[in-house]
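Open the model in your viewer and keep the selection tool at hand. The stops below say what to select next and what is there.

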Amino acid sequence: MANLNVKIPSLRLNDGTSIPLLGYGTGTAWFKSNAAGGTDRKLIDAIKTAIKLGYYHLDGAEVYNTEDELGIAIKESNVSRDKLFVTTKVITNIKDIPSAIDTSLKKLQLDYVDLYLIHSPFFASSESDLQSAWAAMEKVKAEGKAKSIGVSNYFMPDLVATMKTATVTPSINQIEYHPYLQHGGPNGPLLTYMRKHNIANSAYGPLTAVTKAKPGPCDGVYAEMAKKYYVSEGEIALRWCIDQDVVAITTSGKEDRLSDYLRSMTFKLNPKEVNDIAGAGEKKHFRGFWQNKFDKDDRS
């Protein structure tokens, strides 16, 4: 275990809010298919461990069915609310966003969340559906129930449709992002559009190239850089995101692993190294989530 006392840097969003560039996720391995299974004490303790280590950015969602655990962990951690950056997302109750945010806040035992996201655009059958949902999100922000509002898993057509009637620009788009899914790269249509409108990129699955997508063309590049910086390949993967101002969301139930991930705050990749990883990643395509929504070779 690294036993580091480091501060996770933040990124300033288009609404003036600052978001920590490394967050602790309560989905994936912690996901519960329904809320009837009772409280997961292991998750509560894992979140408390993350907070203790300095992970103040906590990422949840109603569909994970873990908001209760997140709320309990926050309360038991005794960390002041203003230190924390809490995200949750709506999709299960997307047709009634005002009720959904109130339910989430009750479970989280909070008066507001720092970031509220529409979890995916796939609920919509028309541009109007996207626009109506975003109008409801804007009301959540206006009522002070979320400091920032954004989206997740949106592609350029979804953002374009939303922006046609938006009075508040989404602050962030949380997408699967790693070297094997770069969405066309920095000059591709999605990331170009986000950059034009100052919509930040947040990555879930940032460790994919060093975990479930192995082996692959990034293996040697990661290994070489890990040796150079005396860190793990996972920490190189996180740093690759952070050095592009991409907010990285990761998780683990192991304290030593979470501690080691903080070593990604102790060094920086140079621009060539960032480009080398990107270049290697372009030689392989791997999508870990939402495969049923895309053609096998769709890299958008």
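Select Lys 212 and Phe 289: the charged end of Lys 212 sits over the ring of Phe 289, 4.2 Å from its centre. A charge sits over a ring if NZ of Lys or CZ of Arg is within 6 Å of the ring centre and within 35 degrees of the ring normal. This is a predicted model, in which local features need pLDDT of at least 70 and side-chain atom pairs count only at pLDDT 80 or more, while totals for chains, interfaces and linings use all residues. Residues are numbered from 1 along each chain as its sequence is written, and side-chain values use heavy atoms, with hydrogens and water left out.

Now select Arg 81 and Tyr 112, where Arg 81 lies over the face of Tyr 112 at 4.1 Å from the ring centre.

**Aromatic pairs**

The whole structure holds four aromatic pairs. Rings of Phe, Tyr and Trp (its six-membered ring) pair if their centres lie within 6.5 Å; planes under 30 degrees apart count as stacked, over 60 as edge-to-face and the rest as tilted. Select Tyr 24 and Tyr 55, one of these pairs: the rings are edge-to-face, 6.4 Å centre to centre, with 70° between the planes. Tyr 24 belongs to strand β3 (residues 22-25) and Tyr 55 to the loop between α1 and β4 (57-59), so the pair links parts of the chain 31 residues apart. Helices (H or I, at least four residues) and strands (E, at least two) are DSSP runs, numbered from the N terminus.

Are Tyr 24 and Tyr 55 buried or exposed? Both are buried, a word that means under 20% relative accessible area, with exposed over 50% and partly exposed in between (1.4 Å probe, protein chains only).

Tyr 204 is in strand β9 (residues 200-204) and Phe 289 in the segment after α10 (271-281), 85 residues apart. Tyr 204 is buried because its relative accessible area is 12%, whereas Phe 289, at 25%, counts as partly exposed.

**The core**

Which residues have the most contacts inside the largest nonpolar core? They are Tyr 55, Ile 97, Tyr 116, Ile 118, Ile 236, Leu 269 and Ile 277, in a core of 93 residues. The largest share, seven residues, comes from helix α1 (residues 41-53). A nonpolar core is a set of buried Ala, Val, Leu, Ile, Met, Phe, Trp, Tyr and Cys residues joined through side-chain atoms within 4.5 Å.

**The barrel**

Colour the strands: a closed barrel of eight runs β3-β4-β5-β6-β7-β8-β9-β10, with parallel pairing. Two strands pair if DSSP finds at least two bridges between them. Three bridges join β4 to the parallel strand β5 (residues 85-90), and Asp 59 stands opposite Thr 87 in β5.

**Backbone details**

Select Lys 214 and Pro 215, joined by a cis peptide bond with omega of about -5°. Pro 215 is in the loop between β9 and α7 (219-229).

Next is Gln 109, which has a positive phi of about 60° although it is not a glycine. Gln 109 is in the loop between α3 and β6 and is partly exposed, at 41% relative accessibility.

End at Asn 153, in the loop between β7 (146-152) and α5 (156-163). Phi of Asn 153 is also positive, near 65°, and Asn 153 counts as buried because its relative accessibility is 4%.
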